[in-house]
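Subject: Structure handover

Hello,

Here is the structure I promised to pass on. Please open it alongside this email.

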Amino acid sequence: MHLKYESTLREPLVDGEKDYHQVTEDIISPIEGKPGKLWYVGFFISLSLLGFGAFSVFWQIYFGVGVWNLNKTIGWGWDITNFVWWVGIGHAGTLISAILLLFRQGWRTGVNRAAEAMTIFAVMCAGQFPIIHMGRVWMAFFILPYPNTRGPVWVNFNSPLLWDVFAISTYFTVSLLFWYSGLIPDFATVRDRAKTKLRKLLYGVASFGWTGSTKHWQRHEALSLVLAGLATPLVLSVHTIVSFDFATSVIPGWHTTIFPPYFVAGAIFSGFAMVQTLLIITRKILNLEQYITIGHMEAMNKVIVLTGSVVGCAYLTELFMAWYGANPYEFDTFFKYRAAGPLGWSYWIMMTCNVISPQVFWFRKMRRSIAVTFVMSIIVNIGMWFERFVIICTSLYRDYLPSSWSYYRPSWPEVGFYMGTFGLFFTCYFLFAKYFPVIAVAEIKSILKTSGENFKEKMEVYEDQSDEKFAHDVAHAH
Amino acid sequence: MAVKNFVVGLFDDEAVLFPAVKKVRTAGYKLHDVYTPFPVHGLDHAMGLRESSLHTAGFIYGITGTTTALSFMSWVFNADWPLNIGGKPHFPLPAFIPITFELTVLFAAVGMVMTFCWLCQIMPGVKKHIFHPRQTDDKFVMVIELTEKTNAEEVKSFLTAAGAHDINEQKAEAGWWFGRFDKDDEPYLRKIQTANA
């Protein structure tokens, strides 16, 4: 009998009659074939977006930051909105790969690889915004504490903006290491079944010469566990520090202690939405419906409704505190210029998309519907973009001096820059989907015999027998 | 690095593999390694491997990061260039925490991954002998090293009895070398080729 046992009440994580070899076939064979027409279409759309983005950035660098519609009143606009939005999206990947690993959630195995890839690409996109926003990007290295000839004058370690530099770069590095260490064994799988010389060579280099030795696996497990343990507080710290950029200032609407948890919940909320958008398409195109099942999507929708409600709670708390705190400036910011006023529409888009619409996921039928999930995932991402826009712009556009009051709409290089990061993100994602194992092959194999459909059926015998007999059989199995 | 002789047997199922590992150990054969396509829980214990100390290494790297960050920032603010920033103290510990935390994580993660690669002897360009191409796919490959005392035929029949299949004998490099996976470039083969040429 088998030592592995999981209740048959739990939905299988891998559908269909799979054995280990079939898992390899299903996940690796798309890498070996030619990409379909859709892939080329998508890839070239992404590339052209990326090109347009590069042109917009060139335009801004050439003519200066004045080509953006930022002004003295609104110093942060689309750029910082997009920065926070992209960083937030990245958070779901780490949550899935690290936090769910610590919580021993088996369903993470189907989605973690793609989600972590999403994290890395999203952070790559995010990092561009503050750097380009500096205006003189060729001076960007000034943010690093390096011994220089100006004293040396060091950076200000008290500044949340500098904390951000450390947080984002650490986050990117650790995510990349985590992701790549998981990829090494899977690259070895691609290498060992490769038919062409070039593939053998390239995946041979990428797999670092991995053999699958038991000792190496033992170390690999230890590494994954500790990296997960490190990444868990890291991911919470990153968005906390991003929220400090706002919370440590004295702008009404930013200066609140609720920001760190509220930002982290929002980040996970938007990240899961992006994972849903990507995976619904990926599972369809690469025929991975048996690995990324409706059950996986339902689990993620549960996270979405939870974090969406946490975010909703935070919005209401903010409103309450603006009234209860009896600070006239904060009251005005929230009730006159955020929920109403010239930019009031953006507040209501945010409320509708983030708080009201995700409540459909209280219904099981909705959580398990692909169409509803897909539409909702896009709505949530729009909502979360507006959340950052609302926080940044509606706090700034009505400041203490009415003569400085202003309005803000982006200029084309700002929009182009944002489109460009979409281009970068999807270009990377298309390359990933073609050349990388989109699902963690080794990890799926390790849960196959507890959570595979055909293996679960065999376990029905044990459901009927007494606990004592089961325990006795396990104890004397070998 | 050394060229050795091995007997290789394939297993299809962990449930057969575990008792086989136990038998090999009681019989006293030199178990070179078991190659598996995914981490098989408990196999390390069954093989009698000791626990990994990678966690300890990670802890040491983490502490190094903590002290680096704290000492560097306080050196900058107190000794190298004391700067009055809004009248704030020169040792603002709470404000140092975020960067200290980030560097702790960064040092621990980077250090651990590098140690992992070092211990497992893996890096881009490194090549090792692959006993069976499906050891990274679906087969559990048990490799027994032949010493002067072991009889190859005896080991083969032993493995058959233990439930292995596709049993064969291989002469192979036991360590790693710099090589390419699209070529048969094991160092001892290269020596033979140059000797023949």
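Below is what was found in it, chain by chain.

First, the ground rules. This is a predicted model, in which local features need pLDDT of at least 70, side-chain atom pairs count only at pLDDT 80 or more, and totals for chains, interfaces and linings use all residues. Residues are numbered from 1 along each chain as its sequence is written, while chains are lettered from A and ligands numbered from 1 in the order in which they are written.

Chain B
Chain B has six helices and six strands (DSSP runs numbered from the N terminus: helices are H or I of at least four residues, strands are E of at least two). Their order along the sequence is β-α-β-α-α-α-β-β-α-β-β-α. The radius of gyration of chain B, taken over C-alpha atoms, is 25 Å.

An unreviewed UniProt entry annotates residues 57–77 and 97–119 of chain B as "transmembrane region". Such annotations may be inferred rather than shown by experiment; feature names are shortened and positions follow the numbering used here. Residues 57–77 of chain B are 100% helix and 0% strand, with end C-alpha atoms 30 Å apart. Residues 97–119 of chain B are also 100% helix and 0% strand, and there the end C-alpha atoms lie 32 Å apart.

Where the chains meet
The contact takes 57 residues from chain A and 60 residues from chain B (C-beta atoms, placed from the backbone, within 7 Å). Elements giving two or more residues on the chain A side are helix 1 (20–32), helix 5, helix 6 (197–206), helix 7 (214–247) and helix 15 (441–451) of chain A. Helix 7 of chain A gives the most, with 16 residues. The chain A side divides into 25 nonpolar, 22 polar and ten charged residues (nonpolar: Ala, Val, Leu, Ile, Met, Phe, Trp, Tyr, Cys and Pro; charged: Asp, Glu, Lys and Arg; polar: the others, Gly among them).

A helix pair in chain A
Residues in helix 4 of chain A, including A:Arg113 and A:Glu116, meet residues in helix 5 of chain A, among them A:Tyr171 and A:Trp179. By class, this contact of helix 4 with helix 5 of chain A has ten nonpolar, four polar and two charged residues.

Best wishes

How values were computed: Two residues are in contact if their C-beta atoms, placed from the backbone, lie within 7 Å. The radius of gyration is taken over C-alpha atoms; the globule rule is 2.2 Å times the number of residues to the power 0.38.
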